[in-house]
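Dear colleague,

Please find the structure below, together with a short account of what was found in it.

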Amino acid sequence: MAFYVPYIAVVALILIGLYAVVFKRNLIKIVIGITFIECGVNLFLITLGYREKSIAPIYTSSPGGIMSLPVPQALTLTSIVIGVAVLALMLSLVVHIYRHYKTLDARKIIGGDEE
Amino acid sequence: MSGMSKIVKTITSIAFPFVMIYGLYVILHGHLTPGGGFQGGAVVASACAMIVVAFGSIWTMKKIKENQLSILESIGAIGFIVFAFLGLIILFDNSGIFFKNVFANSVYLFGQSVEYASTTANINTAGTLPLMNIAVGLKVIAGLFVIVLVMAYASNKIKERGD
Amino acid sequence: MNGVVDWLILHSPALIIAIPLLGAFLTILIGKIGPRIRNVFVIIIMAITSFLILLLVNDVFTNGIRTYVFGGGSTSIESSYAIRILFEIDGLNAFIAIIAAILPIVAIIYSWAFMKEHTGLDKYYTLILLMTAGMLGMILTGDLFNFFVFLEITSIASAALIAFYLDKQNSIQAAFKYIVISAIGALFLLFAVALFYGQYNALNMAVIANNISFTFIDKIALVVLFAALAMKAGIVPMHMWLPDAYGRAPASITVILIGTTLASLYGLFRVIFTIYGKYLFSFDSTQMALTLGVLIIILAVVTIVIGVFMALKQNDFKRMIAFAAIAEIGYMFLAVGAALSTYTFERGAAIISASGQMALKGGIFHIFNDALDVGLLFLVAGAVYYAAKETSLNKLGGLARNMKYTTVFFLIGLAAVSGLPPMNGFASKLIIYQSMFQINPLLTIVAILCSILLLAVFVKVFYSVFLGPKLPKFSGVKEVPKSMLIAMGIIASIIVFIGLFPNIFVENIVTPATNALQNATSYIGGVL
């Protein structure tokens with residue numbers, strides 16, 4: 001049973017994130033929702049590489065026993081780096097939206113300068 | 001943000017070099033221990049972010065310009081690609097390949113080969129990997145720092161205009 | 001001399017990605033010297049990249065599948081440790097790469113005059129080159145995780161570029177919408193990649209395609225991949241970001257955005273036909289191919305109808321073209337879905353019927369034509385905006401008197417996008433209509449009707465923008481500068497050329513692409 005806990009957490013994180021993106025009106029909360037989804041996916045990748053009682057795959061002379069897979073960790077790291085860039089871009093766009101509309105409520109951010 | 005109280009400023013001044021050195025350690029030992037360019041760069045950038053929080057973005061903007069950071073970031077990125085190109089250019093016969101680790105097991109810097117089953121890590125190994133770690137670290141430091149700095153500065157401007 | 005060319009061809013898959021990346025970061029440094037030198041530098045970088053793409057494409061069409069492993073090592077993969085960054089180029093990649101060779105260079109030439117009055121152009125060109133590198137990476141890569149990384153690079157760069165007009169509320173809003181949609185789409189793509197990795201211990205497309213056994217988890221992965229990539233390609237229930245992003249971005253950016261959308265569409269075809277190809281078209285699951293085909297047809301018809309009807313009611317020039325672009329994507333999707341639904345099982349192998357073959361050919365051909373036609377129309381819309389500073393159709397009028405060349409280019413684009421002879425759109429749409437008539441006549445009727453409506457839409461635009469009395473407001477309007485005319489001229493001449501000689505194009509370029517699409521075994525054989 002304990003083996004499944006991370007997977008339950010993955011599903012929970014992704015669903016909470018989706019809920020926030022779909023139902024929340026505040027733009028900051030939407031951004032937080034996306035980071036939730038990202039955390040869920042990253043946790044999923046890390047969990048895939050985990051082996052019980054394994055050691056970190058960095059030794060040249062291993063003390064014996066199984067190592068956890070390094071590939072998912074590398075993938076997760078890449079995905080975290082990309083996540084930082086996306087997060088920074090989204091937040092700076094939110095700053096600009098706030099400057100134009102003076103609100104972060106998605107319902108009030110309609111129309112624009114041309115119509 | 002025009003800076004916080006004197007206590008915060010003093011503690012920041014004391015903590016800053018330690019955080020900085022730890023981050024640089026993580027970057028330089030990226031090929032031996034967990035970590036590398038991005039992780040170490042993020043630690044150093046968080047030290048810089050600490051400065052922004054404690055001393056205020058306007059004070060920091062006076063010390064270092066957004067433009068200089070963006071040039072630093074470009075240099076980091078160019079460095080990374082140039083190290084990747086070295087694999088092509090140094091071996092201009094058909095054995096060269098993009099991203100090939102030409103410095104590993106050679107006479108150049110970081111060129112020693114890893115001894116089998118050694119218990120101590122040797123920093124002078126792994127070829128182009130440490131160099132790439134340094135380039136990525138430079139890019140991440142400059143990139144994250146400029147993000148924090150510009151965001152703090154912009155929100156400050158919005159607040160200043162009274163809305 | 002010959003040695004250098006061989007060397008270039010050998011390393012072209014890596015250089016195609018590396019040169020725009022290097023150029024992107026050098027642009028910031030070179031921009032300090034002066035704007036003129038920077039513009040020339042960017043054009044040279046992009047010209048080299050396009051030249052390398054054409055070399056690679058030529059090599060693939062003559063010598064077959066090419067693979068390139070980053071960091072060295074053998075190209076073949078042993079089944080146990082299949083982790084390396086590997087580019088694999090077959091006929092389909094090569095075909096899409098031609099589009100990616102044309103669009104960015106045209107956009108950069110166009111930007112020379114179009115963006116001249118704006119500040120922050122160093123970063124603008126940097127982002128354009130990054131976006132191009134990301135798009136090319138998506139097209140050439142043979143690795144699913146790599147595909148995700150390049151997708152994210154493209155999304156980030158294009159979101160920043162959509163928000164280029166920072167002082168306009170609408171462009172910021174469009175960019176935010178785009179980045180939210182892209183981030184969610186890319187994360188679900190990553191989730192599907194993780195599902196594959198957990199099962200097959202591989203990230204390489206060919207290895208996954210070889211090992212796939214269509215378990216329940218694979219079905220989930222197919223749904224997730226389909227939804228994520230269809231969202232990025234702008235298929236209708238998930239299209240809401242597209243008109244905003246296309247309409248609000250600078251026209252030069254929109255042209256490259258079309259390329260990225262088509263790269264996502266390519267990813268979708270690669271997933272369906274190659275990764276799931278081995279199982280989907282085997283004996284016991286031709287039913288599955290039929291189900292998928294019907295689903296795609298339904299989505300495609302909805303896409304075409306909604307795209308055309310939304311285009312009818314738009315008042316904004318660029319938004320109208322954006323909806324027309326959605327409808328055009330529907331045509332490719334329709335053809336591919338129809339081809340999928342005709343798979344039958346005969347003599348021990350799943351084969352596609354002759355009409356299905358033709359539909360596939362038309363659909364793939366239309367990808368190329370759509371990129372050029374819609375791209376040309378967006379460039380014309382950008383030129384009108386540049387000259388008259390106005391995009392609302394109600395306020396524009398009588399521009400044909402002062403902008404002769406632009407009017408001609410608009411007429412070419414109009415004819416091409418609504419499928420009139422002798423333009424390229426006619427060639428591909430005729431193939432789609434013919435084959436579709438054998439599969440299901442009703443679909444042909446819908447397709448032709450919508451195409452006629454599209455013509456009506458653009459005739460209306462032509463009348464309200466270019467014809468009519470001379471308005472005093474626009475009496476000072478002049479023809480746009482040369483660089484913009486050259487950019488439009490390049491695309492227009494390719495359109496007319498393909499329209500006049502479609503057979504050369506279909507035989508030499510489209511047929512290898514459709515063959516590669518149907519032949520998953522040869523793609524797998526390129527690596528294993």
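Chain A has 3 helices and 0 strands, where helices (H or I, at least four residues) and strands (E, at least two) are DSSP runs numbered from the N terminus. The order of its elements from the N terminus is α-α-α. Chain A is more spread out than a compact globule, because its radius of gyration is 20 Å, well over the 13 Å that the globule rule gives for 115 residues. That radius is taken over C-alpha atoms, and the rule is 2.2 Å times the number of residues to the power 0.38.

This is a predicted model, in which local features need pLDDT of at least 70, side-chain atom pairs count only at pLDDT 80 or more, and totals for chains, interfaces and linings use all residues. Residues are numbered from 1 along each chain as its sequence is written, while chains are lettered from A and ligands numbered from 1 in the order in which they are written.

The C-alpha trace of chain A spans about 70 × 30 × 15 Å along its principal axes. Of the 115 residues in chain A, 28% are buried (20 or more other C-beta atoms within 10 Å of the residue's own, with C-beta atoms placed from the backbone).

Turning to the interface, 28 residues of chain A and 26 residues of chain C take part in the contact (C-beta atoms, placed from the backbone, within 7 Å). On the side of chain C that touches chain A, helix H5 (144-162) and helix H6 (169-200) each supply at least two residues. The largest share, 16 residues, comes from H6(C).

Kind regards

Conventions
Buried ≥ 20, exposed ≤ 12 C-beta atoms within 10 Å, placed from the backbone. Contact = placed C-beta atoms within 7 Å.
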